[in-house]
Amino acid sequence: SLVCVNPITWETGPAKAPAEMNQGSRPLRPERLLFNSFEPQSISAPLEIGMFSAQCREGVVWTNQPSSSGFALSVFPGDNYHGMESSMFWMNTRVNAENRLNKFLSQNQKKT
């Protein structure tokens, strides 16, 4: 069986996380999409807040269709955005990684 983790809530249940909870997506470079490159835009490019929702169903993350040109081209048939997940949930992933790192560091600090 497949395991799905919602990239907005970091939970495995079927509850839908609305797009408003998405802290920021990093658009892809449109000129690179023609070459099936998932290269995000420059780190200094503005994030698109609230672009994608996320819901786990049948072991797969489902989301809404993007309205931004930075995500307008689906890479695979059937509106399949696999390969673009890191850009779609950019800030939620960064915040989760930072929270996990901080928790790890606080639990593993040497006591003096």
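The following legends describe close-up views of a predicted model of one protein chain.

Residues are numbered from 1 along the chain as its sequence is written. Because the model is predicted, local features need pLDDT of at least 70 and side-chain atom pairs count only at pLDDT 80 or more, whereas totals for chains, interfaces and linings use all residues; side-chain values use heavy atoms, with hydrogens and water left out.

**Figure 1. Overall architecture of the chain, with 3 helices and 2 strands.** From the N terminus on, the elements follow the order α-β-β-α-α. Helices (H or I, at least four residues) and strands (E, at least two) are DSSP runs, numbered from the N terminus. Of the 112 residues in the chain, 30% are buried; buried denotes under 20% relative accessible area, exposed over 50%, and partly exposed in between (1.4 Å probe, protein chains only). Among contacts between residues at least 6 apart in sequence, 59% join residues at least 24 apart, a contact being heavy atoms within 4.5 Å.

**Figure 2. The largest pocket, with a volume of about 440 Å³.** Its lining comprises 19 residues, of which Val60, Val61, Trp62, Asn80 and Tyr81 are the closest to the centre. Strand E2 (60–62) and helix H2 (85–88) are the elements that give two or more residues to this lining, and E2 supplies the largest share, 3 residues. By class, the lining divides into 10 nonpolar, 7 polar and 2 charged residues. Here Ala, Val, Leu, Ile, Met, Phe, Trp, Tyr, Cys and Pro count as nonpolar, Asp, Glu, Lys and Arg as charged, and the others, Gly among them, as polar. On a 1 Å grid over the protein atoms alone, a pocket is an open set of points where a 1.4 Å probe fits, with protein on both sides within 12 Å along at least five of seven lines; lining residues have an atom within 4 Å of a point. Grid points are joined across faces, edges and corners, and the volume is the space filled by probe spheres set on the points.

Figure 3. Asn6 counts as buried because its relative accessibility is 1%. Its side chain reaches the backbone oxygen of Ala54 at 2.9 Å. This is a polar contact, that is, a pair of N or O atoms within 3.5 Å; within protein, one must be able to donate a hydrogen and the other to accept it, and residues adjacent in sequence count only if both atoms are side-chain atoms. Neighbours within four places in sequence aside, Asn6 is in contact with Glu11, Ala15, Ala17, Ala54, Gln55 and Cys56.

Figure 4. With a relative accessibility of 1%, Asn22 is classed as buried. Beyond its neighbours within four places in sequence, Asn22 contacts Ile8, Ile49, Gly50, Met51, Phe52, Met88, Phe89 and Asn92.

**Figure 5. Helix H3 (residues 90–107) and its buried residues.** The helix has 18 residues and reaches 26 Å from its first C-alpha to its last, close to the 26 Å expected at 1.5 Å a residue; the expected span is 1.5 Å times one less than the number of residues. Trp90, Asn92 and Asn96 are the buried residues of H3, and H2 is included in what covers them.

**Figure 6. Asn92 and Met91 in helix H3.** Asn92 is buried, at 4% relative accessibility, whereas Met91, at 23%, is partly exposed. The C-alpha atoms of Asn92 and Pro7 are separated by 6.8 Å, although these residues lie 85 residues apart along the chain. Not counting residues up to four places away in sequence, Asn92 touches Pro7, Ile8, Trp10, Met21, Asn22, Gln23 and Gly24. The side chain of Asn92 reaches the backbone oxygen of Met21 at 3.4 Å. For Met91 and Gln23, 68 residues apart along the chain, the C-alpha separation is 5.4 Å. Met91 is in contact with Gln23, Gly24 and Leu47, its neighbours within four places in sequence left aside.

**Figure 7. Positive phi values at Trp10 and Glu58.** Trp10, in the segment before H1, has a phi near 65°, a positive value in a residue other than glycine. Its relative accessible area is 31%, so Trp10 is partly exposed. Glu58, placed in the loop between strand E1 (55–57) and E2, has a positive phi of about 55° although it is not a glycine. Glu58 counts as exposed, at 77% relative accessibility.
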